[in-house]
Amino acid sequence: MSLHLVGEPPADAPAAGLVPVGLPVDQPAGRDGAEAGDARRGRLAPLWAFASFEVGRLVRSWKFLAITVGFPVVFYLLFLSDHTAGRIIDGTVAWRVYLMVSMCSFGSLVAALNAGGTRLSMERASGWARQLRVTPLPAWSYVTTKIVASMLVTLPVIALVEVVGAGFGGVRLSAPEWVGLTALLWATSLPFAVLGVFVGFLVATDAAFPVVTGLMFVLGYFGGLFTPVGFMPRALQIVARALPSYHNEALALAALDGRTLDASHWLVLGAYVAVLGVGIAWKHRVEEARGIA
Amino acid sequence: MADLRRGEPRELAMVAASQAVPQGLPGIRPVALSFDGVTHRYGQRTALDQLQLEVTQGQVVALLGPNGAGKSTTISILLGLVRPREGRVEVLGSDPRRAVADGRVGAMLQAGSGVGLPPGVRVAQVLGLVRRLYRRPAPLEWIVERADIGPLLRRRTDRLSGGQAQRVRFAIAIAGGPDILFLDEPTSAMDVESRRGFWTMMRTFGDEGRTVVLATHHLAEADQIADRVIVLNRGRLVADGPSATLKAAVATRRVRFVTDHPDATGLSRLTGVTDVTVCGTGVSLDSLDADATIRDLVAREVHFRDLEVTGAGLEQAFVAVTGCGVAAPPTGGAAAGGAAAGGGG
């Protein structure tokens with residue numbers, strides 16, 4: 001038997017003259033020129049490529065759009081009626097404004113949970129996430145890009161609900177108020193984006209859909225997006241204060257009402273981002289140790 | 001021969017270093033990857049045990065072994081997906097993660113559930129994304145031609161057959177024009193036709209002087225593609241050699257029968273016999289030509305019964321190559337998964 005066993009020196013290796021490592025036939029020969037171009041493209045090029053790919057995928061998915069855009073807009077129009085629209089709900093905020101703000105919150109919640117959630121869970125189970133890890137795309141950028149992509153799709157949902165609010169709900173705000181409201185709602189939807197990615201990372205594919213649906217209901221209803229928190233029983237008000245959806249909405253309402261933005265809202269939202277982020281990082285580490293990341 | 005693609009000074013130093021180690025090889029062959037005393041455990045289970053390995057650039061290497069042998073762990077380590085508990089691993093002279101970040105390696109990993117491609121997009125879009133992740137991607141036409149995916153570019157990724165999806169995944173793996181290509185059981189879900197086509201693809205890629213590392217438990221696959229076969233079992237390297245040698249080892253047939261008064265010395269002189277095991281009345285012969293051995297048995301009027309010839313299998317190849325793990329010789333009519341019975345005549 002001439003196969004050498006372990007310990008013997010390698011006696012093999014094809015002795016045929018080594019062919020130069022093949023350049024793809026029509027690859028540009030001018031390496032130096034290519035280097036200069038690379039430097040200009042910068043380190044962020046792969047990130048940008050991945051982020052735009054992700055957003056493109058979300059926007060092209062009619063199911064995703066139907067759910068994320070359909071729900072808040074339809075709910076807004078359903079819940080708005082002529083004799084309730086002007087009723088004062090919170091401070092100086094009327095029902096038509098409250099409903100627009102809460103549907104913006106709900107829209108960004110639904111968009112973020114669906115952008116991550118089931119899609120992400122399936123994608124990870126399929127091995128695509130792992131495939132990306134063996135490209136030059138930096139390891140940390142998979143998660144961050146997913147979060148960024150979620151944030152990028154929540155913005156147009158918020159804007160759309162605002163347009164419906166202004167067009168059909170008779171909401172009248174000044175230009176700075178519109179901009180400020182949009183920015184505030186958008187910035188405070190970050191916990192939703194992180195939550196969507198968290199579900200995609202930690203929940204198995206077959207459980208992800210029920211979990212996403214459950215979270216939509218719990219965060220939507222108990223967070224006071226369908227019924228103002230002030231109208232809820234006391235026990236549920238306590239529950240609401242523990243949920244990011246409540247604080248997301250409460251900050252926007254406080255701003256519209258001209259109140260100061262209470263630090264406790266920011267603290268709760270920040271805590272959600274931190275805790276969920278740690279959860280994702282933990283899962284990532286576990287998978288890495290097991291070799292399945 | 002220096003690496004013509006990336007002649008950086010650090011690499012030249014590495015080339016010189018590898019030259020200093022006598023390998024009995026002509027010319028200078030840069031090291032593509034090396035394992036030095038690598039051990040890895042998942043909890044209590046040892047996946048790799050003191051692995052020592054070196055692959056020079058331009059080799060097409062098959063990592064052969066049964067499930068759980070450590071093949072996927074080896075590839076995961078080479079791709080920086082797993083950090084080994086002990087030992088040193090280098091890919092193209094640097095840390096595996098460095099090689100991945102530099103876009104010098106490509107990989108086709110085992111797909112999980114589904115096809116391992118993002119759903120809802122066209123093949124061209126996925127390929128476009130992956131190319132944009134590399135600073136110096138391979139030209140699109142080259143990738144398309146190599147992976148034979150021309151007709152698939154406009155198709156949606158969730159509407160591909162298993163074989164087509166694998167070709168797209170192969171295209172993704174070579175999109176960066178890698179110096180080293182890792183393939184982990186790439187043909188496991190393919191029919192015979194697709195598998196053959198895939199072998200040609202891998203072979204063509206290797207023929208360009210690039211390094212290919214293929215993990216497989218199909219002996220035929222290792223045989224078809226690789227210049228060198230590395231056999232792993234239970235995390236240990238058990239054999240390492242050119243595929244032709246393994247093929248010869250596999251050509252060995254085991255002839256088993258029962259005879260009243262076995263004469264080991266006489267039996268060892270039979271045509272084709274390389275090894276004789278006698279246990280009571282049970283005889284087990286390893287033969288390079290089972291037909292001739294049996295004809296010889298008849299000619300010498302050895303009165304045998306319960307004749308059984310077992311054919312080529314990975315199991316047998318392991319046994320032949322490693323000389324270990326031999327099952328107890330059969331006695332009486334005990335038959336352990338015998339294949340075709342050779343006819344005497």
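Is B:Arg154 buried or exposed? Select B:Arg154 and show the surface. This is a predicted model. B:Arg154 is exposed, because its relative accessible area is 63%, where over 50% counts as exposed.

**Stop 1: the loop.** Switch to cartoon for chain B. B:Arg154 lies in a loop. On one side of that loop is α5 (140-147), and on the other is α6 (162-174).

**Stop 2: a lysine in chain A.** Now select A:Lys146. Helix α7 of chain A, residues 141-167, holds this lysine. A:Lys146 is buried: its relative accessible area is 6%, and the cut-off for buried is under 20%.

Next, show what surrounds the lysine. Leave out neighbours within four places in sequence. A:Lys146 then contacts A:Phe50, A:Glu54, A:Arg57, A:Leu120, A:Glu123 and A:Val197. Two glutamates, A:Glu54 and A:Glu123, are among these contacts. So is an arginine, A:Arg57.

**Stop 3: chain B as a whole.** Twelve helices and 13 strands make up its secondary structure. Chain B has 345 residues, and 52% of them count as buried. Show the surface again. The accessible surface of chain B is about 14,200 Å², with 50% belonging to carbon and sulfur atoms. Finally, display contacts in chain B between residues at least 6 apart in sequence. Of these, 69% join residues at least 24 apart.

Key:
Residues numbered from 1 in each chain as written. Chains lettered and ligands numbered in written order. Predicted model: local features only at pLDDT ≥ 70, side-chain atom pairs only at ≥ 80, totals over all residues. Heavy atoms only, no water. Helix = DSSP H or I, 4+ residues; strand = E, 2+ residues; numbered from the N terminus. Buried < 20%, exposed > 50% of the residue type's maximum accessible area, 1.4 Å probe, protein only. Contact = heavy atoms within 4.5 Å. Areas by Shrake-Rupley, 256 points an atom, 1.4 Å probe, with all protein chains shown as cover.
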